[in-house]
Amino acid sequence: MGRLLAIDGLNIVRRVYEASPEPDSPEKADLALRHALSSLRTLVNDHEPTHLLPAFDFGGNTWRHDLYAGYREGRAPMPSPLRAALPAFYDKLRGFGMHVVSVPEVEADDVIGTVVLRWLAEGRGEATIASTDKDLHGLIAHGARVWDHFKSEWHDHAWVEKKWGVPAEQLPDLLALMGDVTDSIPGVSKVGVKTAAKLLRTYGTLDAIMAGAGILKDSLGETLRKEREMLYLSRQLVALKTDVRVGVTWNMLAWSHL
């Protein structure tokens, strides 16, 4: 059976870059990308995939910005020295035989979601996602595993339940309820992870929660009714787009050396 390793490239690059307290500079970018390259090589050597997907955000507007103008408005843009250094970094990855995938108007998460679900649906073997991104943990419900490279730990069904209080299949609904400050996804006012998890344990789904909200007489019921549209918009924003035209074949992602 095959082993797919999907790497959330900028998740690693940005975290390595931001771990340094030095001011932005081409030198800082160069050092961070050398460390990121080492991290990617370590991932590949440790996981020994038969197929490798290094996915990177294309940058610029995405379908989520079209859906909600405020999407990611609070997030600082990528430092210009790092952005300027990325094309040469991608060339270096290609030099090692990696097929870098970056698709306009979608995020790396969507590319990973599309490829991982297709891989699993075709019964090709196990799928590992190297990322710390919350949204990608929903793929655990479909049989994927998530590897946190920075903590060297596996994230599986039990990990999700312990961390968020709901099973992996309910994670998108939980994230929609609580929102996400880093991506400026609004969620529902004053609903945090504990309240969101309690609602989902009680009702099961967003639709059932909203049906139940009609009879809730407290301030939570009132807030849910008032912010219904924003809740469902948040649900769309946290969902992975899983029908991306990725433009690669399994042969192109086949991996045999490093």
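A: In this predicted model, the largest nonpolar core has 52 residues, and those that touch the most other members are Leu-53, Val-111, Ile-112, Ile-129 and Leu-177. Helix H5, which covers residues 108-121, gives the most to this core, with 6 residues. The core also draws on both domains, taking at least three residues from each of domain 1 (2-161) and domain 2 (167-238).

When its neighbours within four places in sequence are left aside, Leu-53 is in contact with Leu-4, Leu-5, Ala-6 and Ile-7, with Val-101, with Val-111, Ile-112 and Val-115, and with Leu-253. Two of these partners, Val-111 and Ile-112, are themselves named with Leu-53 among the residues that touch the most other core members. Apart from this core lies another one, of 28 residues, which includes Val-44, Leu-86, Ala-130 and Trp-147.

The protein is divided into domain 1, residues 2-161, and domain 2, residues 167-238, and their C-alpha centres lie 27 Å apart. In the contact between them, 19 residues come from domain 1 and 16 residues from domain 2. The area buried between the two domains is about 1,500 Å², and carbon and sulfur atoms give 60% of it.

The buried residues of H1 are Gly-9, Leu-10, Asn-11, Ile-12, Val-13, Arg-14, Val-16 and Tyr-17. What covers them includes strand S1 (2-8), helix H2 (26-47), strand S2 (51-55) and helix H4 (80-95).

Tyr-17, one of the buried residues of H1, also has a charge placed over its ring: the charged end of Lys-28 sits there, 4.4 Å from the ring centre.

If pairs are counted when the ring centres lie within 6.5 Å, the count comes to 6 aromatic pairs, and ring pairs link Phe-56, Phe-89 and Tyr-90 into a cluster.

Methods: Residues are numbered from 1 along each chain as its sequence is written. This is a predicted model: local features need pLDDT of at least 70, side-chain atom pairs count only at pLDDT 80 or more; totals for chains, interfaces and linings use all residues. Side-chain values use heavy atoms; hydrogens and water are left out. Rings of Phe, Tyr and Trp (its six-membered ring) pair if their centres lie within 6.5 Å; planes under 30 degrees apart count as stacked, over 60 as edge-to-face and the rest as tilted. A charge sits over a ring if NZ of Lys or CZ of Arg is within 6 Å of the ring centre and within 35 degrees of the ring normal. A nonpolar core is a set of buried Ala, Val, Leu, Ile, Met, Phe, Trp, Tyr and Cys residues joined through side-chain atoms within 4.5 Å. Buried means under 20% relative accessible area, exposed over 50%, partly exposed in between (1.4 Å probe, protein chains only). Helices (H or I, at least four residues) and strands (E, at least two) are DSSP runs, numbered from the N terminus. Domain bounds come from an automatic or database domain assignment. Contact means heavy atoms within 4.5 Å. Buried area is the accessible area (1.4 Å probe) that two parts lose on being put together, summed over both.
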